[in-house]
Structure formats: structure tokens, C-alpha cells
Amino acid sequence: ALWFLDAGDLSWPIRNNVNALLPWSLQRELRMPGANPEAEELLAKKITARLAASAQRVVFSFPKNKTEGTQRSSPLLRSLGLQKAELEHLAPADVEAEPVLLEEFSDELPIPQVPDLVALGGVEILKLQAACAFRAFAEKRLGSSEIRQLELGMDARELGSVLHRALEHFWEQVGSQENLKQMTKLDRDTTLRAAVDHALHRAESIAQSEWERAYLGLQRERLADLINQWLAVEMQRRPFSVKTSEEGVKNAQVGPLLLNLRVDRVDLTEEGEVIIDYKTGVAKTSQWEGDRPDEPQLPVYAIVTRALHPDNPPADIAFAQVRTGKDMALESVFEKVTDQKIIPRKRTELFEEQLNQWQGVLEQLANKFHSGYAEVDPKQYPKTCEHCAQRILCRLNPAAFDEDLDEETSGDLGNG
């Protein structure tokens, strides 16, 4: 059986509006929606006839009144030889539904533990586990992921990678803040341009059209200007030299998990080593806090570095917010550096104590992922779920995303 809803003359066939900004002749030539009403009506007529013949029992219905006015049946139904039926005939009110016996089943079999191999996904595993255990399980154990949407130009991930490569190449040539300050403006601009060219080399090698080459030209100017602004922050910092950039760490141990990591940058300062993570979006040091940190990457790098070099633990960790505007800054545990000044942060605990706290939190997250803990438990519902592709699997109620949830309803996950 098949039931076709909203088959009134105000709703079916669906009427597409033409694009008001494009020439009519061009829209007709490209067969854009709304450009050929006759062809669209013919297609809708074929669809209606196909649906009418696709089941033994077919119902077409529509509301008599809509906000647009009073409805009649769609003109596409008139040639089908349909019979008018009342709602009481289709769904009698006095018929009692047969009871359905529910079968109780308790699934007590535990999820197998993660194999004692390097877990694919790196520190992203712990980030997802903190956000929602089920999402970490679905993406990093089951391999469930949404299809990546293609778009013109580079997406945010590609632009971030280009920025990383440019900064890596720049500091390989410059080496330290002292060398940066001694460079003339011409030398700095030349080195910066070479770094941006290096970062965009892969994209330029596959560019084929004039549009692509023009787009890369704009990106080259944008990146050079962005990094040039960022260097003003670097020159405001306390003296440092760059020890490593984009260094990989294999088989890093976090609790029972083995992870492959890649650290954006490590600087040598008078206080010790500072581990830096580049961010093109907004990042706050508060995202390192709590039992379920939003951004655990730097705490992971810090405890792994301490484990590998116990005699030389890191002295600080920092977000390098390489983004235009007021958010551009180096935000660390102990201070915030802008292009104007250094703002110290008030702290009552030693960094060693902070590392111990992070180690406990991160090992707990690693243990949960390793043991197969996969509860549907978003950290902040529904905000945590806004960009999650696992709602079909976890069966959260998507209608909640269209509502303003108060404190009473925020705990209702709407699970099936």
C-alpha cells in the first residue's frame, strides 16, 4: 500500500521558482529548476502515474484548508480514474489495534577491547571520547563517517594544512626569535613568500584552469598577510628558538592505548620547552579543563613528552591562534601574548601538578575507549551533537535541535 500526502492543487506539482539573478535564456538552456514549467509538469504527471500504479492500494490525500487558501485535488489526479473515499473508511475510529507483545532482551556481552596495536585516529580518539563515548566508538572502532562534501577551492582542513606547511618552512629558515628580529623587512618578506610558495606547491602542481590559478594567487596573498600579522605576536614573546616543527611521535603510550602523534611545534625558552599547537579557529585554555576536555591535544603532547623525557619535562603548552582580528594571540597556561603585550595568568598550582591532573583525565578516557565503553552520552546536548554524523546510529531525537531546551529537557536525549 502507498499513501501520498499533500496531493492538493496548491502543493502538487511542486513549483520551482526561477533564479532572479540569471538571464532567462541561460536558465532555459541549462534546464534549471523553474525555467520550463511545461517540462516540469510533464515530469510530475509521470511521477504521479507511476506512484498510482506502484501498489495494490494507493491513497492520495490533502488538507482542504492551508495558509495559502482552500485546496482542491491536484489536476494531475484527474486522469487516473480515482475514487473518492472518506477518512472514516480508510481509518475507522472504532477499530482497536492488536496488542503487540514486547520481547525483553538483555545484551550483556561486552564490546571487545581495542587490539594491542597502534589505535588509528591519534589524539582525535580522546577528543571524541570526551565529547561522546558513542561517537568515538562509531568513528574510531566502526569506521563510520560522513561523506566529505566537495567545494570550490580549499576547505578549512586544507587551508589549515597549508598554513602549517608555510609556518614549518618559515621557521626552518629563520630558527629563532632573535634571527627574526634581526631580519630586514625585505628579507622577512622574501622568506615569507618562499614559505607560502612552498606550502602551495602541491595545489599549484595540479591547478589546470585560470580560475584555480587565480584562486591560489588570492590564497598566496591572504596567507602572506595572515602570517605577517602573526609574526608580530611572535616578536612580542619572550626569547625563544624553534626546536622542532611537525615532529611525529610513534607508539606514544596513553593509558592502555598506543597512539601516533604529530606535534605542530616545540620552542626552547629560558623556562624550558613550550609545546605549541596552531589553531585557525577560536581556541581557549579553558578547553583543557575538566574530566572531559574539549581540546585534549596539547595535554596529551605534554604528558607524552614528560614520559619520554622525564629529566626535561615541558615548561608550558600554548595555542597559537593564527587568525585575523582580536583573537590572534598565543594563549598558554601561564600567559597570553598579543602583538601589543604579554598578559600573565594567575595560577595557584605548579605546572607539574597540572600535568598530573591531565594524565589522570587522559588515562581515564583512554581506558574507557580501550574497554569498549560506548554510551550515548554527549557532553553538552544538543550542542555537542550539532556537527555529528552518527545520529542515525545513536538515534538521538533530531527534533530537539530545532527547539530551545531548558534545564528540565536538556537531559532527555530522545533515544529510541
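This is a predicted model: local features need pLDDT of at least 70, side-chain atom pairs count only at pLDDT 80 or more; totals for chains, interfaces and linings use all residues.
Local features were taken at pLDDT of at least 70 and side-chain atom pairs at pLDDT 80 or more, whereas totals for chains, interfaces and linings use all residues. Residues are numbered from 1 along each chain as its sequence is written, and side-chain values use heavy atoms, with hydrogens and water left out.

Helices (H or I, at least four residues) and strands (E, at least two) are DSSP runs numbered from the N terminus. Seven strands, in the order S5-S6-S7-S8-S9-S10-S11, make up an open sheet of mixed pairing; two strands are taken to pair if DSSP finds at least two bridges between them. From one strand to the next, the twist averages 25 degrees; axes are lines fitted to C-alpha atoms, for helices over the stretch in contact, and angles run from 0 to 180 degrees between N-to-C directions. Helix H10 (residues 210-236) packs on the sheet and touches S5, strand S6 (257-269), S8, S9, S10 and S11, where contact denotes heavy atoms within 4.5 Å. The direction of H10 makes about 50 degrees with that of S9.

Strands S5 and S6 run antiparallel and are joined by 11 bridges. Within this pair, Val 266 in S6 is the bridge partner of Thr 244. The hairpin of S5 and S6 has 2 residues between the strands, and Gly 255 adopts a positive phi near 60 degrees there. Strand S9 (residues 329-332) is likewise antiparallel to strand S10 (residues 335-337), through 2 bridges, with Leu 330 opposite Val 337 in S10. By contrast, strand S7 (residues 273-279) pairs with S8 in the parallel sense over 6 bridges, and Val 274 stands opposite Asp 316 in S8.

Strand S8 (residues 316-321) is largely enclosed by the rest of the structure, because 6 of its 6 residues are buried. Buried denotes under 20% relative accessible area, exposed over 50%, and partly exposed in between (1.4 Å probe, protein chains only). Asp 316, Ala 318 and Ala 320 point one way from S8, and Ile 317, Phe 319 and Gln 321 the other way.

The loop between S6 and S7 contains Glu 271. Glu 271 is exposed, with a relative accessible area of 58%. Not counting residues up to four places away in sequence, Glu 271 touches Arg 238 and Ala 315. The C-alpha atoms of Glu 271 and Ala 315 are 6.3 Å apart, although 44 residues separate the two in sequence.

Helix H4 (residues 124-131) and helix H5 (residues 133-140) pack at an angle of about 140 degrees, and their axes are 5 Å apart. At this contact, Glu 124, Ile 125, Leu 128 and Gln 129 of H4 meet Ala 133, Arg 135, Ala 136, Glu 139 and Lys 140 of H5. The contact comprises 4 nonpolar, 1 polar and 4 charged residues; Ala, Val, Leu, Ile, Met, Phe, Trp, Tyr, Cys and Pro count as nonpolar, Asp, Glu, Lys and Arg as charged, and the others, Gly among them, as polar. Since 6 of the 8 residues of H5 are buried, H5 is largely enclosed by the rest of the structure. The buried residues of H5 are covered by elements including H4, helix H12 (351-371) and helix H13 (391-394). In H4, the buried residues are Ile 125, Leu 126, Leu 128, Gln 129 and Ala 130, and their cover includes H5, S5, S6, helix H11 (297-308) and H12.

Grid points are joined across faces, edges and corners, and a volume is the space filled by probe spheres set on the points. The count is 1 cavity of 30 Å³ or more. The largest cavity has a volume of about 90 Å³, and its lining includes Ala 131, Cys 132, Phe 134, Arg 135, Cys 385, Cys 388 and Cys 394. H5 and H13 are the elements that give two or more residues to this lining, which has 8 nonpolar, 2 polar and 2 charged residues.

The second largest pocket holds about 800 Å³ of space. Among its 20 lining residues, Phe 60, Ser 61, Gln 83, Lys 84 and Ala 85 are the closest to its centre.

How values were computed
On a 1 Å grid over the protein atoms alone, a cavity is a set of points where a 1.4 Å probe fits but cannot get out, and a pocket is an open set with protein on both sides within 12 Å along at least five of seven lines; lining residues have an atom within 4 Å of a point.
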